[in-house]
Amino acid sequence: MRAPAAGRRSPRALSAVPGVLTGTIALYITLVAFGNITDFDTNQQFVRHVLAMDTTFRDEDLMWRAIDSRALQDTAYIAIIVWESLAALVLLTATGMWCVGRDKDGIRRARRASTVGLLMVMLLFGAGFIAIGGEWFAMWQSKQWNGLEAATRVFLLSGIVLLLVHLPSAERGDPGSAD
């Protein structure tokens, strides 16, 4: 096997990028779900405080949005854990598909599964934590229970991986590839 000429990218190396990065996000969301299942109370308190809006500025124009019911708060938290777990399963499956699918159909299936899993993560962190938690429940106002920075980081990283998953590759025979 020859080394690529200076300044040229290796199609084989580039074809590993989507699989490795999908696997990285899979590992991350798997650990998040595992942590929430095995240390249920820590993030349960986070969800309860965000939904109760008890550490915000307590502006009366916003406080009608607060959810004080422990049952509803816990239902929301369990739904988050279920969503994380499903996203982890999809992304772990996609990672396996990247490892074994070297033909066009295998890559297409891996790309599709990665897309679904990455969008699941982006929906959770973008719509769930940034939009609903951050804006609707005014999480940005809380000094103690503000997860916007972490949510933004995960949302952006997942978006970058999603873009890389959809870049054309010469080895995969995608149209528009540079090699």
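Buried means under 20% relative accessible area, exposed means over 50%, and partly exposed lies in between, with a 1.4 Å probe and protein chains only.

The structure shown here is a predicted model, in which local features need pLDDT of at least 70 and side-chain atom pairs count only at pLDDT 80 or more, while totals for chains, interfaces and linings use all residues. Residues are numbered from 1 along each chain as its sequence is written, and side-chain values use heavy atoms, with hydrogens and water left out.

**View 1. The overall fold has five helices and zero strands.** Here helices (H or I, at least four residues) and strands (E, at least two) are DSSP runs, numbered from the N terminus. Read from that end, the elements go α-α-α-α-α.

**View 2. Helices H3 and H4 pack against each other at about 155°.** H3 covers residues 70–100 and H4 residues 104–136, and their axes lie 8 Å apart. Axes are lines fitted to C-alpha atoms, for helices over the stretch in contact, and angles run from 0 to 180 degrees between N-to-C directions. That angle makes H3 roughly antiparallel to H4; the classes are roughly parallel under 35 degrees, roughly antiparallel over 145, roughly perpendicular from 65 to 115, and oblique for the rest. The residues of this contact comprise 19 nonpolar, two polar and three charged. Ala, Val, Leu, Ile, Met, Phe, Trp, Tyr, Cys and Pro count as nonpolar, Asp, Glu, Lys and Arg as charged, and the others, Gly among them, as polar.

**View 3. Helix H2 (residues 40–52) crosses H3 at roughly 125°.** The two axes come within 9 Å, and the angle makes H2 oblique to H3. Look in H2 for Val50, which counts as buried because its relative accessibility is 10%. Val50 and Met139 are 89 residues apart in sequence, yet their C-alpha atoms are 6.0 Å apart in space.

**View 4. Helix H5 spans residues 148–165 and shows two sides.** Its 18 residues reach 25 Å from first C-alpha to last, close to the 26 Å expected at 1.5 Å a residue, where the expected span is 1.5 Å times one less than the number of residues. Buried in H5 are Leu148, Ala151, Val154, Ser158, Gly159, Val161, Leu162 and Val165. These residues cover an arc of only 165° around the axis, so they sit on the same side of H5; the arc is that of the directions from the helix axis to the C-beta atoms. On the other side of H5, Glu149, Arg153, Leu156 and Leu163 are exposed.
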